[in-house]
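The sequence and the model are shown first, and the description follows.

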Amino acid sequence: MSSTVLFTIAMLSALGLLAAVILYFVAQKFKVVEDPRIDTVNEALPGANCGGCGYTGCRAFAETLVKSESFEGLNCPVGGADTMARIAVILDRQPVAVEPRVAVVRCNGSPDHATRTSFYDGAVSCRVAHALYGGQTACQYGCLGCGDCVEACKFDAMYMDPVTQLPVIIDDKCVACGACVKACPRNIIELRKRNKKDRKIYVSCVNRDKGGPARKACQVACIGCGKCVKVCPYEAITMENNLAFIDSFKCKLCRKCVTECPTGAILEIGFPVKEAKPAEPADAAVN
Amino acid sequence: MNNILNVSPSPHQQGAETTRKLMFGVVIALAPALAASIYFFGTGAIIVTLVSVLACVATEYLIQKFILKTKPSVSDGSAVVTGLLLAFNVPSNLPVYIIIIGAIVSIGVAKMTFGGLGNNPFNPALVGRVFLLISFPVQMTSWPVPTGFKTGYLDAVTGATPLGIMSEGIKNGETVAALMEKVPSHMQLFYGYMGGSMGEIAALALILGGLYMIYRKIITWHIPVTILLTVAIFTGILWVIDPTKYADPLFHLLTGGIMLGAIFMATDYVTSPMTAKGMVIYGIGIGVITVLIRTWGAYPEGVSFAILIMNAFVPLLNMYIKPKRFGKEVKHG
Amino acid sequence: MLKTFPKGGIHPPENKLTADRPIVILPVPAQVTVPVSQHIGAPAVPVVEKGTAVKTGQVLAQAKGFVSANIHSPVSGKVNKIDTVVDTTGYKQTAVIIDVEGDEWLETIDRTDSLAKDIVMTREQIIERCQQCGLVGMGGATFPTHIKLTVPAGKKCDMLIINGVECEPYLTSDHRLMLEKGAEVLTGVSIIMKALGVDRAVIGIEANKPDAIINLTEVAKVFRGITVQPLKVKYPQGGEKQLIKACTGREVPSGGLPLDVGVVVQNVGTSFAVYEAVQKNKPLFERVVTVTGRSVKSPGNFLVRIGTPVTVLIEAAGGMPDDTGKIVNGGPMMGKALAMTDVPVTKGTSGIILFPSDVSKRAEVLPCIRCGKCSSACAMGLEPWLISVLAQKGMYEKAEKERITDCMECGACAYTCPAKRPLLDYIRLGKATVIRMVRERITK
């Protein structure tokens, strides 16, 4: 081998060695002393950095978990009970049972139900439309249909139904991170208890007007009549501001309220279809 | 009341100018230069322009429709402008397959990979041109001489450009005065009697186009004037120092791609600064780098590289140079 | 010599279709709906209830706190009910609905037509009268006048500027007022000058109103300290910061008020209302509204009672044209689009524009081509392309640094944008969030 090649190899090797030595000492001097468990916990977390836990990313949550005494109030909705159990083992703590949840869109104001009274032509953003006016219908509380929630979802669990102009949540993919809840300017989306077979019973309305104007704006609005509150055997339903609310953690899915509701504002999802009754409650309430 | 009313936030009126109108305004501004190039280079010019424009439009359409699966936006005219400018940057005897490759690089690589219109950091036509220059150096540097409309396409007679003659000659030690005998006169250069790429030859036609764009408020004077002034001053200083080694400023302004670059390439909205002060700094940078490359660099022409280098600085210029705010800042207590 | 503001501005078509239509007094409607919030600040509290008989000019709702305004009945009749109705905010707000019977005014109001030129009240009395009469800024901002006329301790005022610019296309109510009620307007200006303790006032008028400039210049000869300043026609010359800059060269600091440079700005309509309130003891319950549009049969300027449904105004202008696609309350640049015509006229309603359907829809939104025209148009020296994207992405700290709160929402940027991007939609949103953020930071 010629002397040039030998010289080059020697030079580069020496440089490499020098760099390695410098790097070693610098790394030692500026080493950040950290609890090594933070790394392990971080590995156990899903790594989606979605903020569903309420912290700014998985690593921040990992640090909080390591520093805290108990898991009270700390939960990763994406990883769920499995992940929390695994972290409990790593940190030698007791896992806290948290009920799994799912996002639910509490509005049924499709064009069939709520007549369009104007046409919104501004920027396609619910927050912009909400700041502008009540919306394309006479209900100033309902879904604006611009899809801020769909855009906020990082788990591909939502899409906008072009016919109903309402957002649809894909239960299998929803991890209840809460991004869509925050994105909606009208608080229409709620994180409710996830039941077996993804069954749901909820008041699909957030209209707080009195019954008359509410019904006039949308056929399936909650008119605040209170019949559901009376019929519920588990006291799971409360009425406030002309709007009924079903507490998903108290509800036992008996469906008595669904049949009782005169406008069809309460929806039952995931149940076997009931036999048709001779007089549909919805028709009876038209007059 | 039967009508359902439209509701939107204010303002409820929109100006008459649209993206498409701006783009086609540029096309109109390029028309005199296109006419000049067809006049001087004949059928070659027509073929190259057509192929370039069609290839650019087709590339954008196909990528948007089949790869991105979005609505094709070719009707906004930006691909047409890129096609025209790419054509103006190449010799009129460039084979069709090379033009198509250039179009694919311009639109596909330099524009669509960054997100389409408005997102590219580098001038797409220039990226295409530089790619072709490096990949096909022979074809991209054989310049047809202007022999009038009868000039064929691939069989055109080629020769060196005035700038090429000048820079080669100076490197060989010839004096500028001697070299000036070999190149067309200033007047001829102004009208376009010179070899070169299709768009760069006719300074008069390009200036007419530039004035039209300023009148239509498509561009402002800042970038073209600053670039040309910088080139004139820098080359002027050099010429005054040693007129035998450095050509005069007018020669520099009228040869090579500086007119085309200053008026049409550097003024591309997407890749140029948004503030007037930023535009001036941008223009000075382009001028300085162009003259550096022309005088001391390996290539006879440096405008394309100068513009691409300054394109890289534009985000920095936009970040640090802000327009003059109305009202002093008042710190909140 | 025409003055103007140095940076930015646009030239939308003027469309002053009603510039030569004299003011027509509309009869009282059959029913009025008077919202209790027609001003900046806390909504007024109703002091009447269902069945109360009211006279024209009687107080319907009392101001709540200092930053608020009284609401007076524009008609005589009986209160039908107090209910929530959709008003110009786009949402339902409390309003007093009155069934009209006759037109009996309070005896305390001077209904004579003669010009009352002598100003006998003191400074404090003037401001108190303005507050009692529920005066607010009539240019559209509806800021309570008594607050503006009260110069806080520590601030000095050496000049009054009257906004007779009316830079929005289509609107001509101020123009007609300056032509037909020039002496009253200037008396109002003198009253405001006394309230502020200044001895000079400048009335800024855009050069597209030459007759108003001539008329007021002539009438001003018998008043002390009032001059008329013609201004170049450029939108938004009527923005108070731009107006102050053009007339005096002074620049209001960012986040500051005109008083920071020693100036108070009042609208021409407000000056007229001050005259009526101080000299005739007449509360604010009617105003001039321009009803206009390309297809409108008989566009005009109408003196209408507050609370009149917009439908009545449209009927007075020849009925709703068949091709109507959009109705705007205010001017085309800063006005609010109405979802229905059932809304009432309020103190801030300067005009109703009916747009035909071919110009009612926004054009398709294209990507930003980074042309910078929006920034060139911005009279506040902002970069709309940047702050719009920052607001859209929720980068509020950066938006604050880029002075998003300086934006006066004039719409020049969105008007200019060749890609038809909804710049102002997002800037407005970002601005509201940043203001809230800053307020929270200060109170911490």
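In this predicted model, strand S3 of chain C and strand S5 (residues 59-62) of chain C pair in the antiparallel sense through two bridges. Within this pairing, Val45(C) has Gln62(C) of S5(C) as its bridge partner. The two strands belong to an open sheet of three strands, ordered S3-S5-S6 in chain C, with antiparallel pairing. Strand S3 (45-46) and strand S6 (71-72) of chain C form the edges of the sheet, each pairing on one side only. In general, strands of a sheet pair through backbone hydrogen bonds, either parallel or antiparallel.

A second topic is the contact between chain C and chain B. Chain C contributes 69 residues and chain B contributes 40 residues. The area buried between the two chains is about 4,600 Å², and carbon and sulfur atoms give 53% of it. Ile369(C), Arg370(C) and Arg403(C) supply 14% of the area that chain C buries against chain B, more than any other three residues.

Polar interactions also link the two chains. Six salt bridges are counted between chain C and chain B, and 22 residue pairs are in polar contact, both residues at pLDDT 80 or more. One of the salt bridges joins the side chains of Lys324(B) and Glu251(C), at 4.0 Å from N to O. On the side of chain C that touches chain B, the residues divide as follows.

| Class of residue | Number on the side of chain C |
|---|---|
| Nonpolar | 37 residues |
| Polar | 13 residues |

Seven of the 10 residues of H10(C) are buried, and the helix is mostly covered. These buried residues are Pro384(C), Trp385(C), Leu386(C), Ile387(C), Ser388(C), Leu390(C) and Ala391(C). Which elements do the buried residues of H10(C) pack against? In chain C, the partners are H9, helix H11 (396-401), H12 and H13. The other chains provide helix H5 (126-132) of chain A and helix H15 (303-320) of chain B. After H10(C) comes Gly394(C), which has a positive phi near 75°.

How values were computed
Residues numbered from 1 in each chain as written. Chains lettered and ligands numbered in written order. Predicted model: local features only at pLDDT ≥ 70, side-chain atom pairs only at ≥ 80, totals over all residues. Heavy atoms only, no water. Contact = heavy atoms within 4.5 Å. Buried area = accessible area lost by both parts, 1.4 Å probe. Polar contact = N/O pair within 3.5 Å; in protein donor to acceptor, adjacent residues only side chain to side chain. Nonpolar A, V, L, I, M, F, W, Y, C, P; charged D, E, K, R; others polar. Buried < 20%, exposed > 50% of the residue type's maximum accessible area, 1.4 Å probe, protein only. Helix = DSSP H or I, 4+ residues; strand = E, 2+ residues; numbered from the N terminus. Pairing = 2+ DSSP bridges.
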